[in-house]
Every structure is written in structure tokens, then in C-alpha cells.
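Subject: Structure handover

Hello,

Here is the structure I promised to pass on. Please open it next to this email and follow along.

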Amino acid sequence: MEYDESETPETASVGPAVTDDERRWTKGRRHSLPTPEQRVLSQFSEAELREMLDLPPQPPISVAQRESETDVSTAEPAAPADPAPAADPPPDFGGAYDPTPGFEPAGEPPAAPSTAAPPTPPAAVSPAPPADPKSLVNVAVNPQTPSTQIVGFPGTRLVAPLLAGDIILRGKHRRRAKMVTRPGTHRANTVKRRGGRPREGGFYAEVIGEDGYERIAGPDGLLLDDVLIVRSRSESDFGESDPPIVPRPTVRQGSRGPAVTEAQTRLNTVHATRVTGGERGLDRCPLTVDGVFGANTRAATVAFQRTAFPNQPGEWDGVIGPRTWTALIAASGSGGRQTPLPTRCPGLPLEQQIDNFDFGSADILPRHQPQIIGIARCIMESQSSATPVRHLRLIGHTDSVGSPADNVALGLRRAEAVRREVLSAIARMTGRPAPATLVIDVDSRGETEPQASDAQSRRVQVFSDFVFPAVVPPRPRPRPAAAATIEFVLDDDGDHRVDGSAPVATALMFGLWDNAYGPGRAVRNDPAEANNFVGSDRRRFYLRVTDRGATGSTVTARWRTLTAGGADDDAPASQNVTLTETAAGSKIFVSRALMLVSDDTDANQPTDSGLTAGPDTGVRNRGQSNHRLRRAALDGSVRADYTAAAGGAVSVTLPVFRRNPESRRRVTLRVVHLGLTMTPARRTLIDQQFLHANRRWAQTGLRIDKGPTSDLALPAGATNANGDYTGDLDTPAERLVLDLLVPNTPDDTITVCFCTIPRDASGDPTFNAYAGINQTQGAVRLLGNRFFIFQHVDLNADFETLAHELHHVLFNREDSPQDLRFFTFNTFAPGGALPNVSTYRRIQTLFTADPDNDPNNENTFNWMRRRRTGRLPMVRDPVAINPASATTGNTSVGTF
């Protein structure tokens with residue numbers, strides 16, 4: 001296949017435009033245009049490229065190489081012998097390669113130049129290293145046999161997970177390089193501080209150096225504009241367990257396809273390995289490998305993430321992204337079809353054979369790697385023993401096909417390939433060259449010493465001067481099973497039964513109160529979970545303890561909430577909750593359902609413990625054991641603790657709302673004091689309105705920030721003798737005020753104008769507030785995506801007025817006239833008793849079965865996340881709440 005523009009369209013979008021010079025330096029090759037890697041690397045000077053690829057300044061040309069370039073006679077008539085060898089591949093960046101004396105014998109001096117015209121070399125022969133830097137790149141990065149890959153381009157995401165040995169190049173003019181020491185990246189908040197100061201936000205790689213970390217990407221995951229990440233490896237440099245350089249897509253619940261199939265297979269492999277090793281397997285495993293990412297696959301993913309990223313609950317999201325792919329591939333290897341690479345010296349005998357070379361080839365194959373890695377490990381480990389390995393002798397052999405002279409040369413190339421690979425493996429594993437005292441001689445016997453089969457004849461014999469025994473590590477003491485574990489878990493199938501197979505939660509959210517009220521609007525608070533407002537809430541969660549040393553049928557755990565800074569938030573006098581054994585002898589204990597609330601009013605709601613025996617049966621109040629509610633904050637967390645029967649404490653802490661990826665949202669409200677004389681009391685009232693609005697909207701994951709504040713005098717025609725604002729929707733008084741506000745208000749914003757609204761003779765309000773969502777008389781063209789709320793300032797915050805008006809603005813909808821009102825927090829609800837507890841302080845969840853799994857924001861609960869495309873026409877819902885339309889939502893809510 002030719003690598004032209006039509007087959008590599010990405011070439012056109014990477015780097016500068018193709019120049020005539022670039023076309024000239026690719027002329028004659030099998031591809032007509034440079035690859036993306038070549039175009040990026042062509043920005044470097046020759047010296048920089050040689051340093052990056054670990055090439056010596058003037059690489060010597062050995063006699064054998066010169067001969068191979070001029071002697072192109074063909075061995076083995078039935079099939080050609082080995083093509084002349086390509087130039088040595090660049091050493092792997094797994095170690096800081098330093099071509100010091102003793103690492104490899106220097107190449108022989110170049111022969112005297114020949115006066116005869118040199119023959120034209122065949123296409124398969126690599127040319128001598130050229131002086132032109134662009135030609136150097138053309139040799140280093142060859143689409144047919146890639147040895148250098150760009151795995152990270154500036155301003156883009158990594159195309160493959162970061163691996164140890166990758167090179168990070170920084171700077172736009174004076175470039176510097178750092179080598180990655182461990183695979184994967186780390187978020188800034190997980191990296192140790194530098195000089196006592198927090199790290200700049202984004203992602204970091206572990207590198208060689210005093211600091212140990214290098215910032216490579218911003219918080220959005222895009223590489224910094226001066227970062228280029230290079231991976232330099234020849235095909236044989238990859239260990240069989242290395243992940244291939246192929247980006248995997250991020251998969252999550254609902255995904256389908258080959259990537260899910262691979263993930264399920266690897267999760268099953270990890271599960272089997274853990275069970276075989278006496279450890280607890282992964283939840284819901286073994287999985288059915290069907291390519292469908294369902295609840296079982298998500299539970300297994302979370303269980304794996306808890307083992308791969310301990311003490312990083314933000315990673316336990318059940319989503320397989322770059323970090324989880326890297327860890328999963330590392331944990332599962334390449335499957336059972338391949339031989340694992342040795343991690344210790346398997347023993348170095350007096351003689352061993354590396355056979356089954358391909359016909360006519362000296363290439364090191366994946367099947368040779370275990371032996372070669374084993375030899376390299378024995379050499380390394382022997383250096384600290386009383387008998388260090390100082391000398392090896394390699395003899396190459398061929399089968400009988402071909403001329404004797406050609407086969408001697410082929411055998412020599414095979415021995416040299418093994419020698420080169422052993423030295424390269426030592427450099428990769430140690431990060432430094434092989435010992436200067438190590439001597440590896442090469443020789444060839446050609447076809448003169450055949451074996452039983454041709455495949456066995458195509459071999460390299462490895463001779464050692466003595467036997468170096470296998471290193472037997474001390475037998476580890478059996479690791480005792482964990483004394484106990486504690487987890488937050490979910491009832492994923494809604495049957496009000498939780499056991500050892502229930503999925504582990506990665507984040508907790510505020511209760512919805514979606515099944516909280518019964519006939520007469522009374523709170524459902526029966527002992528049975530299905531008839532209890534906590535036990536039937538869609539956002540409920542449970543505590544699960546596994547304690548093999550427990551002797552009774554119940555255990556006791558403790559739970560509380562924490563602030564963003566980790567201090568206690570809601571930590572009542574008794575934090576105890578009783579957990580009951582799921583089955584006799586299972587040693588798995590589960591609590592009744594628990595729930596988070598956003599304020600003290602809800603936290604003070606009594607709850608039935610759900611217990612059938614013991615002193616805590618019946619209704620429990622806040623501060624008592626087995627009370628099932630805790631107040632939390634949107635930026636806080638929830639912690640549970642348990643003391644094992646055998647001693648020792650375990651704990652678990654989860655964030656409120658998922659943080660990775662971020663599921664919370666925030667909106668900023670501009671504030672105008674409209675015709676007001678401000679006093680400390682009024683400032684407090686305004687602050688209370690924001691506090692209450694945040695508590696109400698917290699259950700959707702929305703933070704409401706108080707933004708810029710300004711003062712504006714009421715114009716004549718928009719006020720009365722008392723200084724009240726006399727406007728209303730679509731009135732001349734409102735238009736007078738909007739004419740003053742709009743020129744100084746950015747588009748895509750929400751402004752709340754606190755003012756005084758006229759009272760009647762008895763002091764009762766005509767109305768408390770209104771939100772301008774459907775102005776006419778030309779105001780819509782004037783307003784654009786600006787929304788204004790006009791609210792009486794002297795209001796009791798318990799009326800939840802600001803929270804209610806935000807419903808109109810964020811959903812771009814009017815009040816619904818039905819009993820189950822979409823716009824909630826109604827103190828003065830249209831019709832019905834006041835207040836209606838089933839709508840007062842509650843946000844309804846309509847249209848989808850699970851508003852927490854609503855990617856298109858089609859549920860009323862998530863309409864505030866929906867980006868509308870039109871403001872009008874605003875049609876009042878006549879009987880019931882209508883589904884979302886193009887006008888539903890807003891343009892003001894952003895990411896947290």
C-alpha cells in the first residue's frame with residue numbers, strides 16, 4: 001500500500017502546509033508525502049534529532065554493513081536469504097541510553113573509498129545515515145517500518161496511554177527532554193506539592209529528575225502547546241505484555257462494540273488472577289463477554305478501579321478511559337496465548353538455543369523475547385553476586401537452503417541480532433548501558449551443523465562460561481485476608497435488597513424525595529423499605545461491611561458528612577447505623593437505605609430505622625443512632641468508618657456528585673440593587689436568598705454563585721411615591737428599566753434585580769417576584785439571551801422565592817397548572833393548600849425512568865442542563881407538563 005494523501009488524510013491537518021522541499025526529500029520512496037510524525041519531527045535540527053534518537057554524532061559504518069550494502073547475492077534459491085540488515089534501530093528510551101565505551105564495541109573503521117562506481121543498492125537496503133536532517137527523519141520515521149511514533153501532539157489529547165520510556169519534549173525554541181519513568185498520568189491534586197505549594201491544575205507525568213513530575217496537559221486533558229511526546233521503539237523492543245500503541249475509546253454503561261468486548265475479557269482475566277491468588281475477585285465477574293457495557297460490567301469496572309487506584313475515589317467512576325485502560329492492560333497482560341516475559345533470572349545454562357528464526361531472516365521475533373529477556377535479567381542479577389557473568393558467546397546457524405557463503409553471513413547476522421537485543425534489553429530494564437566488563441562474541445557456523453528440522457536449524461546458540469542458577473526469591477508469607485472492608489453500595493435493580501453482589505458506589509447524591517409522599521401528602525415513613533421515603537428514594541444508598549471475624553448477625557458502622565476541606569459537616573451525637581448479615585454465615589452485612597439532604601429542615605425529618613429487633617426499632621430522630629439522613633454540601637463528601645471484630649479500623653469516603661468526569665454545574669447571577677437604600681439587614685436577606693436557592697438546587701448538582709453587584713436608580717415612570725418598582729411583565733415601566741440594564745449586561749447572563757414591590761392597603765403583596773421569560777413589544781430582540789428576575793427584597797428566605805424564579809429562567813417555562821407542579825418551591829402555589837409539601841422545596845423528575853442516566857437532558861430534572869436554541873414562542877402547559885422543545889433550557893449554566 002502506498003502512503004499518499006488519499007490514504008492518510010490526517011497528514012493534511014497536522015503541521016504546516018506541505019512544501020516543495022518536503023516533496024523533494026520524500027521523492028523516490030514508496031510514499032509521496034511525509035507522515036504526520038515526519039512533519040512534526042522535521043522541525044528539529046539534526047543535532048536535536050540525533051540526541052532524541054540516541055544516535056552518535058557521526059555513527060560509524062561497520063565492515064559488515066558496508067559489505068551487506070554492496071554484496072547483494074541471494075542465498076537459498078527457493079526463497080531469498082536475509083536482506084541486507086537495516087541500520088541499528090535507535091535504542092529504546094526505557095533507559096537513559098549513554099553510548100559510553102564498553103557498552104558496545106565500536107564499529108570498525110570505514111574502508112578506503114573505492115574508485116569503482118558503487119552498484120545501486122536494492123530498495124530494501126537502508127542508506128547510510130544522511131546529513132540532511134529531513135532525510136534523517138525520513139530514516140527514523142518510516143511508514144513501512146516505524147521506529148519512532150508521536151503519541152502526543154501539542155494541543156491534542158494523547159493518542160495512546162503514556163508508557164515508561166516515552167520522551168517528553170518541552171519548549172518551542174530551546175527544547176528540553178525528560179523521560180517518563182512510570183506509565184499513565186496523574187491529576188494535579190494527586191501529585192505531591194512542590195515547595196509546599198499546590199501544583200498548577202492539569203495532568204502530570206512521572207519523569208526522571210529532581211522534582212519527579214512534569215506537567216504535560218491542562219485540566220481539559222489537552223497537551224500544552226509546547227509539549228511533544230515521542231516513543232522510539234522498534235517492533236522487537238516491545239515486550240509481549242506491552243499495550244499496543246492503539247488508542248482505545250472511552251467506554252461506559254450503554255457502550256457497545258469491540259472495545260467493550262476487550263474490556264470484558266480483560267476484566268475476567270484480572271478476576272481469575274485475583275481469585276487464583278487467594279484475593280477477592282471483581283464484582284459480578286466472570287462477565288458475559290457480549291460487547292454490551294451493562295450494569296454488571298460497570299460494577300466490575302468500579303471494583304477494578306478500586307484496586308488499581310486505591311485512595312483515589314475520584315477514579316472509581318465505572319468509566320474505562322485512558323487511565324483505566326492503561327491499568328487494565330497492565331493488569332491483564334496480553335492474554336493466555338503468549339508466554340509472559342520473565343521478571344527474575346530463570347537461570348543461565350552453559351548452552352541454550354534461540355531457534356525458529358523465520359526463513360532467510362535475522363529478525364528477532366516476539367517468540368524469542370522471553371529467552372532474550374531471561375538472559376538479560378541473569379546478566380543484570382549476576383553483577384551483584386560472587387560470580388558475575390562477564391562473557392557470552394553467540395553462534396548463528398541456518399538451514400541447508402542457499403549457498404554456504406550466504407548462510408555463514410546469515411548466521412552471523414542472526415547472532416549479531418541476538419547480541420544487539422540482549423544489550424538493548426539491559427539498557428531498557430536498567431536505564432543504563434550494560435556493564436563495560438561484559439563481552440559478547442559472535443560467530444557463525446552457517447549450514448554446517450543442522451538439527452532435526454529446518455526450523456530448529458535456524459537458530460543462535462548461547463554459550464556461557466558457567467551456570468548461573470535461577471534466582472529464587474524468598475517465599476512470601478501468606479498475606480492474611482483483610483480484616484474487614486466497608487463500602488457504599490447501590491440497589492441497582494430497585495428490589496430493595498442489597499447483598500454482596502451489589503455494585504459499589506463511586507459518588508453519592510442528594511435524595512430526590514421522588515417517592516416520599518403518600519395519601520394526604522404525608523411523608524411515607526413505614527418500617528418496610530418500599531413504603532419508606534428513604535428506602536424508596538431513587539438516590540438511596542447503603543453501607544456494606546465484610547468482616548470474616550464478626551460473630552453476630554449485626555455489626556455497627558458510623559457515617560457522617562465532611563466539608564470541602566475535610567472537616568466534619570453533619571456529624572451528629574450518634575453516627576451509628578446497624579448493618580444486618582445478608583445470609584447466615586455470609587459475614588457480609590448491609591444497612592438499611594441511607595440518604596443525603598441539603599439543609600437542616602430536611603435533616604431533622606424523623607426516620608423509621610427499619611430494624612425489626614433491638615432498642616432502635618421504630619422512629620429515630622436526628623442525633624440518635626440509626627437516623628438515616630445526613631446534611632451534606634455540593635462540594636463536600638461522605639465518610640463511613642468501621643472497627644473490625646479482630647481490631648483495626650477501615651473507612652471509605654466518597655464525593656457528593658461525581659467529580660471525574662465532573663457532573664456538577666454552576667451558574668452565576670448578576671445582582672442589581674434597583675432603587676434600594678441598602679442596609680446590613682437587606683444585605684443579609686439577599687445572602688439568605690442565595691443560600692436557600694443553593695440548598696434547593698443542590699439536588700440537581702447546580703451551584704448558584706452571586707456575581708457582580710451594582711446599584712441602579714429607578715427611572716421616572718418606573719416608580720411610585722414610595723420608591724417602589726411599579727413594573728411588571730411587558731409594561732412600559734419594565735421597558736424603561738430594561739433600556740438601562742441591557743446596554744451594561746453581557747449576553748447569556750441572568751440578572752436578579754432586588755427592589756421593593758408595592759404592597760396593598762393591608763400590607764399584603766400584589767406579587768413577590770417575576771421572571772421575564774416571554775417579553776414581547778420588541779424586547780426579545782433587545783434581550784437576546786439575557787434574563788432578568790425582579791424580586792421584592794424584604795422577603796423571608798423560607799419562601800424560596802429566588803429558587804422558584806430560577807425555575808422559570810433555567811427551564812424557560814411558565815408555571816404548570818397541574819397538581820404535580822413542574823415549577824416547585826411554590827409558597828403561593830396556584831390552587832391547592834399552602835404549602836404543598838409534595839412540591840414545596842422539591843424538584844420533580846418526569847419523562848425518563850432514571851434522571852441520573854439522561855444523556856440528552858430530556859427529563860424535567862435535567863432541563864437546566866439543556867441548551868435551548870430558541871427563546872420563543874413560550875407556550876403555557878395547558879393541562880400537563882409538555883416534553884422539552886427547542887425553547888426549553890438556557891444558555892447560562894456552565895461546568896463546575
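**What I found**

The protein chain has 16 helices and 28 strands. Keep in mind that this is a predicted model. The chain runs to 896 residues, and 48% of them are buried. Now look at contacts between residues at least 6 apart in sequence: 68% of these join residues at least 24 apart.

**The disulfide**

How many disulfides does the structure hold? The structure holds one. Cys345 and Cys378 form it, with their sulfur atoms 2.0 Å apart. The pair links distant parts of the chain, 33 residues apart. Cys345 sits in the loop between α8 (322-332) and β8 (351-354). Cys378 sits in helix α9 (residues 369-382). The torsion about the S-S bond of Cys345 and Cys378 is about 90°, so this disulfide is right-handed.

Are these two cysteines buried or exposed? Cys345 is buried, at 2% relative accessibility. Cys378 is buried too, with a relative accessible area of 0%.

Next, find Cys753 and Cys755. A disulfide needs the two sulfur atoms within 2.5 Å. Cys753 is buried, at 0% relative accessible area. Cys755 is also buried, with a value of 0%.

Turn to helix α7 (residues 295-308) and its partner α8. They pack at an angle of about 85°, and their axes are 11 Å apart. Angles of 65 to 115 degrees count as roughly perpendicular. The two helices, α7 and α8, are therefore roughly perpendicular to each other.

Which residues meet there? From α7 come Phe304, Gln305 and Ala308. From α8 come Thr324, Ala327, Leu328 and Ala331. The residues of this contact divide into five nonpolar, two polar and no charged.

The spacing of such residues has a simple background. An α-helix has 3.6 residues a turn, so residues three or four places apart point the same way.

**A covered helix**

Helix α16 (residues 801-811) is mostly covered: eleven of its eleven residues are buried. Among them are Leu802, Ala803, Leu806, Val809, Leu810 and Phe811. The buried residues of α16 also include His804, Glu805, His807 and His808.

What covers the buried residues of α16? The cover includes helix α13 (680-697). It also includes the strands β23 (665-674), β24 (702-712), β25 (749-755), β26 (769-772) and β27 (786-792).

**A buried arginine**

Last stop: Arg560, in strand β14 (residues 554-562). Arg560 has a relative accessible area of 17%. The cut-off for buried is under 20%, so Arg560 counts as buried.

Which side chains make polar contacts with the side chain of Arg560? One is Asp568, at 2.8 Å. Another is Asp641, at 3.1 Å. Leaving out residues up to four places away in sequence, Arg560 touches Asp568, Asp570, Ala571, Gln575, Arg630, Val638, Arg639 and Asp641.

Best wishes

Technical notes: Residues are numbered from 1 along each chain as its sequence is written. This is a predicted model: local features need pLDDT of at least 70, side-chain atom pairs count only at pLDDT 80 or more; totals for chains, interfaces and linings use all residues. Side-chain values use heavy atoms; hydrogens and water are left out. Helices (H or I, at least four residues) and strands (E, at least two) are DSSP runs, numbered from the N terminus. Buried means under 20% relative accessible area, exposed over 50%, partly exposed in between (1.4 Å probe, protein chains only). A polar contact is a pair of N or O atoms within 3.5 Å; within protein, one must be able to donate a hydrogen and the other to accept it, and residues adjacent in sequence count only if both atoms are side-chain atoms. Contact means heavy atoms within 4.5 Å. Axes are lines fitted to C-alpha atoms, for helices over the stretch in contact, and angles run from 0 to 180 degrees between N-to-C directions. Angles under 35 degrees count as roughly parallel, over 145 as roughly antiparallel, 65 to 115 as roughly perpendicular and the rest as oblique. Ala, Val, Leu, Ile, Met, Phe, Trp, Tyr, Cys and Pro count as nonpolar, Asp, Glu, Lys and Arg as charged, and the others, Gly among them, as polar.
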